[in-house]
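Please look at the sequence and the model below before reading on.

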Amino acid sequence: MVKKKKRKLKIRNIIMMFIFLSLIIVGIFYLKEYLNPYKIENFSEMGYQTDEITFILSLSDEEKDIILNQEKIENIIKHYTIENYTEFIQIGYSDSEITQILDLDQTIQEYLLAQPYMKDIFNWLRIDNFIFNNIDRYQAYQEKYPKLLFEEVLEKVNTNRDFPYYSNIQSSDTSLGNLVLVNKYYALSEDYTPSDLISVSPYGSVKMVREAAEAFIELCDHAKEDGYTIKGISGYRSYQTQYNLYNRYLQKDPQSIVDTYSARAGHSEHQTGLAIDVSSNNPDILTFEMSSSFKWMKDHAHLYGFILRFEKGKEDITGYKYEPWHYRYVGKEIATLLYQTGLTFDEYVAINLMN
Ligand SMILES: [Zn+2]
């Protein structure tokens, strides 16, 4: 009887103990859940969306703590999944700007990461003739002349006009052959003499390098057939000849004026043997613009590889007054391109050959 009672008691105790333990376990579970800082509600209260919360919950507890302890991060998934996204945000770029930046060349992206916020970056980039190496100069020139259009700044800087004439002078790259650039920023050395100079006879006694001279003769033949006279009156000039010529002009005009119509020694295209001044029957070049020969030249020079080098309206780029008589040999392909686009040779070389 007693034995039976004792056994009953034992079973009850075990059951009681089991229930008690279960309650503790469940209690701990709920307490833990209650105290869990990484609950969906905690993140949704901060303003995160479902997909963002799913993403956050997949991060380490350390990361979650960092997220919980600050304001809501816009586009949080991008911060964690896109390289440099956070850096660009910190610099000041908007989400949509970053999307555009991420499409750019790696070099530009790296450049932008190292700079304070550049509000004009997309204005520069949308222009055709943007040269990445010039970007700091564009920016500086734009700040100096805020009224200029972005295109104008680009054109100026690409052709070195952010430097005063005859400053920042570099050597002309004669390895470019027919496309060598000689202007107020690029100079030939004192001893540079082109090889293979020949006369343009019978269309003048002046000399040019063979390829240019032969093209010029063909051009003059064609003009003659069409009934026009074209003659070469000044072709290759040595450094010394140019030096003397420029200094002679200095005797009658102040330098600021002479510089608009005559090149300083080393800076004349005539020293390349690729330039020629032409006239019609009238040897006075100043009247050439009025002649029918000039009209013919305007339409035909490029077919023989020549360009009108110092055009009207481009004085600011070329650095010279309009010279209807001065032609430069660059070869048919580039001459035609420049004829069609209206681009100056200075711009063409800067955009295509120097960067
Ligand atoms: Zn000339």
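**Aromatic rings and their neighbours**

Trp-124, Phe-130, Tyr-138 and Phe-150 are joined into a cluster by ring pairs. The model is predicted. In total, the structure contains 15 aromatic pairs.

**A pair within the cluster**
- Phe-130 counts as buried because its relative accessibility is 17%, and the cut-off for buried is under 20%.
- Tyr-138 is also buried, with a relative accessible area of 0%.

**The pair of Phe-310 and Tyr-320**
- The ring centres of Phe-310 and Tyr-320 are 4.7 Å apart and the planes meet at 50°, so this pair is tilted.
- Phe-310 and Tyr-320 are 10 residues apart, and their pair links distant parts of the chain.
- Phe-310 belongs to the loop between β7 (306–308) and α16 (315–318), while Tyr-320 belongs to the loop between α16 and β8 (326–329).
- Both Phe-310 and Tyr-320 are buried.

**A lysine over two rings**
- Lys-184 has its charged end over the ring of Tyr-320, 4.1 Å from the ring centre.
- Lys-184 also lies over the face of Tyr-165, where the distance to the ring centre is 4.5 Å.
- Tyr-320 therefore has two partners described here: the ring of Phe-310, in a tilted pair, and the charged end of Lys-184.

How values were computed
Residues numbered from 1 in each chain as written. Predicted model: local features only at pLDDT ≥ 70, side-chain atom pairs only at ≥ 80, totals over all residues. Heavy atoms only, no water. Phe/Tyr/Trp six-rings, centres within 6.5 Å; stacked < 30°, edge-to-face > 60°. Buried < 20%, exposed > 50% of the residue type's maximum accessible area, 1.4 Å probe, protein only. Helix = DSSP H or I, 4+ residues; strand = E, 2+ residues; numbered from the N terminus. Lys NZ or Arg CZ within 6 Å of the ring centre and 35° of its normal.
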